[in-house]
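Reader: Please take a close look at one helix and the core around it, and then at the charged pairs elsewhere in the chain. Plain wording will do.

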Amino acid sequence: MKYLLVLLLSLTVLSSWGQTLTWEDFVEDYLSIDEQQGREALQQRAEQLLYIHENPFDINRITPDELSRLPFVSARQADSLISYIHRYGPLHSLGELSLVPWLDKVTRDRLMLFVYIPDQTGEPLPQVKWRSKPLRQRVAANYAQPLYYRAGFSNYTPEQLAKSPNLKYYGNALALALRYRGSYRDSLEWGLTLQSDEGEPIMSQGNRIFDYQSLYLAGKGRGVLAQWLVGDYQIQQGAGLVAGQGLWNSALAVVSFGGRPRQGIIKHTGTDEIRYFRGAAVTLRLSRVMLTAFVSYRNLDATFSKGYARTLLTSGYHRTRSELDRKGNLHTTSEGLSLQWQSRGLLLGLNGLHTEYNKPFATVPAIYRRYYPKGRSLGNYSAYYQLRLSALSLTGEEAVSERGGVACNNMLRYQPSRRLAVTLQHRYYDKRYQAPYSFAYSLGGHTSNEHGLLAGLVLQPLRKLTLTGYLDYARHPFAIYQATQSSDAMSVHLQADWQLDNDTKLSLRYRVRMKQEDNADSSALLSNWHHYWRIQAYYVIGCIHWVTSADFNLYTPAEGKSRWGRMVSQRMSLNLKAVSVKASAAWFHTADYLTAVRSYEPQMLYSFSFPTCAYHGLRATAIAEVKLAQRLTLSARYTITHLTNRDHFSSQQQRIDSPTKQDLYFQVVYDF
């Protein structure tokens, strides 16, 4: 009850100033819905949108392809916006977006973060004037300094390491990242990313420089050669059954934004060391036909036994002896082809991808891995489509693997007005269907061994009130991890967003998840339930943006007592012309890690995280950013977490023998 009181008291002092939705709000609200994705995957998606935020589109010249890069804009909204501009002429202010028939306020607020309108002379506005420069370049350097020591950095004796060689981290405690980005007009882009995580060696143990290096050179054309790229990239194909997943991969995203199959090459700009190709890709435009071909060769990490690969390692860490020995020990080659034809409301496409490893995969004894990939090669082929008929759209992809597994993902969306959208999605992923680069939506997190149905609704009964909800049920016909027989899973989400005025918003969210797992002797299945609540208020006092949140997590196992986790947090941001200050503070009290609570906190450029708070304690973050001469930006961030019921963090090599954990982060960004 006291948490509700905190929110109500906050709302009594609201005042009006500026635009409510900031980039920070967007990151929290619209990137956190990708809740099944890991930190690196979220960072990759956020960085793609950050690039557009910093290089906004001219709203009066925006194209359907550019709008398709903003996943919160539906195909019907994109058509409505472009038709409005063609009919009535260029917009003179972003406020005119309210006159576009299909653009609701939520979409307009999001869109304003990614578009601009030139001034009356035709020149870009001051905040985006540099965009008109033919050649633009940026260097960003990040440095992280922990103010503590993990067990992996202890001084172990030769005898201890001979007995347990993985006790030691072979790098130092620093985490470093260097990014270089450049572009020439809108036709050529290039980038280089270097990174070493905490504990990874620099210029030693086989690393020439940093542990991770990524490079790309990409170009666009206006004729037959539509797009090309050399280096690291991702491929977006259909609904993601063969390769790719677009910018969203969660039930809430499917219900809120719908689906738009989009073929394309996406440059790999993040530090995700797993989900990308390395080689060359090209897209040719032949009238209404788009043809994409790509080839890739890269190294992966894997465990081996008797000459057979057993498990692909996806952490990306290379700190201990075993992690370093497994770095890049498996080689893979991929070739793919995608063909897309589009005419008005109909889109058709074909995809093919073949992947081959230099060492065969072996059968693993665990029952849930019986149908995991075997042998050296995998092939996946699919057909996808989208049919739009006024208020109705039908989208889907049907795929098959070379070993006979099939996968289907089809979605029906009915949107008669901008106040109502109904979504039905059916998916069937055969247990034999294996696709290493597939990231289509699933409740279990894998495009294999799942039969599911998702029903969702977005309703705006009042002009300032939006209701969102869905029911997602999935059946796993074969064993999965922690369930040795057929099992069920379910997720229900209910959310209400009330826009009190232009600068005040209240959000209420409830989500419940059920998953069946084995009992102690694996003789029966138990249904375990997780309930989540969030009450959140966005508001402005003076020139400061505030976000107040109360989060609750109730874990109800089939056997044992129910356990609670709770957190109250406050976030603020102050953005002036040359100085920006952001801060957050949270009090959390959870029973264990199963009742932990995640919360967004301010980050520096190119950093996106939703830290997990477990047990009892306090967490605070402060960021200061200073811009010098419009080219140089200096940032510093301090984070502290203090536990009140434990004397350490983590375990094994990650253990910190202190109840307090403090980190310093520094960043230098230079634009030229």
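Author: What follows goes from the whole chain to one helix, its core and then the salt bridges.

This is a predicted model, in which local features need pLDDT of at least 70 and side-chain atom pairs count only at pLDDT 80 or more, while totals for chains, interfaces and linings use all residues. Residues are numbered from 1 along each chain as its sequence is written, and side-chain values use heavy atoms, with hydrogens and water left out.

The chain has nine helices and 30 strands; these are DSSP runs numbered from the N terminus, helices being H or I of at least four residues and strands E of at least two. For 672 residues, a compact globule would have a radius of gyration near 26 Å, and the 25 Å of the chain agrees with that. That radius is taken over C-alpha atoms, and the globule rule is 2.2 Å times the number of residues to the power 0.38. Of the 672 residues, 50% count as buried, where buried means under 20% relative accessible area, exposed over 50% and partly exposed in between (1.4 Å probe, protein chains only).

Now the helix. Helix 5 covers residues 75-88, and its 14 residues should span 20 Å at 1.5 Å a residue; the end C-alpha atoms are 20 Å apart, which agrees. The expected span is 1.5 Å times one less than the number of residues. Its buried residues are A75, Q77, A78, S80, L81, I82, Y84 and I85. They pack against helix 4 (64-68), helix 6 (105-111) and strand 14 (375-389), contact meaning heavy atoms within 4.5 Å. Just after helix 5, G89 takes a positive phi of about 95°.

The largest nonpolar core has 38 residues, and I59, L70, L81, L111 and F114 have the most contacts inside it. Such a core is a set of buried Ala, Val, Leu, Ile, Met, Phe, Trp, Tyr and Cys residues joined through side-chain atoms within 4.5 Å. Helix 2 (23-31), helix 3 (39-54), helix 5 and helix 8 (251-257) each supply at least two residues of this core, and helix 5 gives the most, with five. Leaving aside residues up to four places away in sequence, L111 touches I59, L70, F72, V73, L81, L97 and L103. Another core, of 20 residues, lies apart from this one and has Y233, V242, A243 and Y433 among its members.

On to the charged pairs. The whole structure holds 20 salt bridges, each a side-chain nitrogen of Lys or Arg within 4 Å of a carboxyl oxygen of Asp or Glu. In one of them E198 pairs with R150, with the closest N and O atoms 3.3 Å apart. E198 sits in the loop between strand 5 (188-196) and strand 6 (212-220), and R150 in the loop between strand 3 (135-146) and helix 7 (158-163), so the pair ties together parts 48 residues apart in sequence. R150 counts as buried, because its relative accessibility is 10%.

D211 and K327 also meet in a salt bridge (3.1 Å, N to O). D211 is in the loop between strand 5 and strand 6, and K327 in the loop between helix 9 (321-325) and strand 12 (330-343), 116 residues apart. D211, at 5% relative accessibility, counts as buried, whereas K327, at 31%, counts as partly exposed.

R619 and E601 form a salt bridge at 2.8 Å between the closest N and O atoms, and both are buried. Finally, E54, R138 and D671 are linked in a network of salt bridges.
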